[in-house]
Amino acid sequence: SIPLCLRSDAGSQCLIMTQPQQAVKLDGEQCPQWLLPNANGSGYYRWSLDRVRWQALLDNFAQFTPTEVLSIIGNAFAAFEAGTLPEEILIEVIRKSAANQQRQVVTAPLVYLQKYRQDYVGDENLADFLQFVSGLYQPVLDRTADSRNTEEQLLHSELLSFMALTVGDKTARKQLADKAIAFTGFQRERDPKALDSDLYEAALKVAVQDAGADFLPHLVKARGELDDPRFDNASAIAMGAANNPAQVTQVQELALGEDMGAGETFELIMQALAEPAVQQLHWQWLRANFPAVLRKIPEQWRRHTPAFTRAFCNQQALSDMLKLFEQYGEQATGYQRSLAQT
């Protein structure tokens, strides 16, 4: 039984759905101009519409509450990935979300766009994709650059990270690298005010990749000098982002080293296996050292280890992963759900 609340220009109504397929008579004497299948965005279910009714929602986008808008965005992406939503409708959803005033609405598409950039966009379409997202988010980034409003500051940080890591914008990457270099005191006196904690992960990632090979050992040293759990976690992820093949062995030694926390090891390996330039080298290492990795990771985290390979997208990797858990799955109790999701 699923509680269902609908909202339209004719009003709202709620009911309990009890059948796999169920026809519902709408209140009112006329068909509504638009219909939102999840009033207030509070229902725990997916929904979709035909193209005409999707367009009607977009035509009335400004009148929906932030939670309703988030429901529209999330279900639009879900419908697109299920193959039932035309791409031009999705593009309009993204455009309207970028023009919204609520931080959570503006940033809601970013995780999907990051995935599409990594997995779906081919070289022949990359320039168009980057131009599209830059055109949407660079103006918002510029507008919020010097804001003193807390929400706009958070929005600026999220968009700066997105522009640097997903879009690869050189200006954004240099800005973040400079902050990380100054904050950690790399080849200069340390400035503890140079980097806000909400930018730790993005800035340290960029610095590991762009500031030269000497930054990685410097970051290891900085971990031992700063008493900041958020920095420790972000720096572990950043170490995993090293994309220089010459540093692969060093990253792997750090993962299993005594100075790396168990949870941090998990995050480091997740990041390392998402780096295309060194992915295969880390995958070979992980398969050869999987028992040692399982021993390092907390027992309650071991069931999530199939997610290590979620950045892969080929049959051979899937086959290799299945063999790995056929051999060692009993040491990662409860792994089956993560395996199926991955």
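Student: How many cavities of 30 Å³ or more does the count come to?
Tutor: This is a predicted model, in which local features need pLDDT of at least 70 and side-chain atom pairs pLDDT 80 or more, whereas totals for chains, interfaces and linings use all residues. Residues are numbered from 1 along each chain as its sequence is written, and side-chain values use heavy atoms, without hydrogens and water. A cavity is a set of points, on a 1 Å grid over the protein atoms alone, where a 1.4 Å probe fits but cannot get out. By this rule, the number of cavities of 30 Å³ or more is one.

Student: What volume does the largest cavity have?
Tutor: The lining (residues with an atom within 4 Å of a point) consists of Val251, Gln252, Ala255, Leu268, Ile269, Ala272, His282 and Trp285. Helices α12 (248-256), α13 and α14 (279-288) each supply at least two of the lining residues; helices are DSSP runs of H or I with at least four residues. The volume, the space filled by probe spheres set on the points, is about 40 Å³.

Student: How many charged residues are in the lining of the largest cavity?
Tutor: Asp, Glu, Lys and Arg count as charged; Ala, Val, Leu, Ile, Met, Phe, Trp, Tyr, Cys and Pro as nonpolar; the others as polar. The lining of the largest cavity divides into six nonpolar and two polar residues, and the number of charged residues is none.

Student: Which helix gives the most to the lining of the largest pocket?
Tutor: A pocket is an open set with protein on both sides within 12 Å along at least five of seven lines. The largest pocket has a volume of about 1,900 Å³, and Gln114, Gln118, Thr166, Lys205 and Gln271 lie nearest its centre among 48 lining residues. By class, the lining comprises 24 nonpolar, twelve polar and twelve charged residues. With nine residues, the helix that gives the most is α7.

Student: What space lies in the second largest pocket?
Tutor: Its lining has 13 residues, with Phe80, Ile91, Tyr116, Val121 and Phe129 nearest the centre. Two or more lining residues come from each of α3 (87-98), α5 and α6. The classes are ten nonpolar, one polar and two charged. The space in the second largest pocket is about 370 Å³.

Student: Is Thr184 buried or exposed?
Tutor: Thr184 lies in helix α8 (residues 170-184). Beyond neighbours within four places in sequence, Thr184 is in contact (heavy atoms within 4.5 Å) with Arg190, Leu204, Phe215, His218, Ala222 and Phe231. Buried means under 20% relative accessible area, exposed over 50%, partly exposed in between (1.4 Å probe, protein chains only). Because its relative accessible area is 6%, Thr184 is buried.
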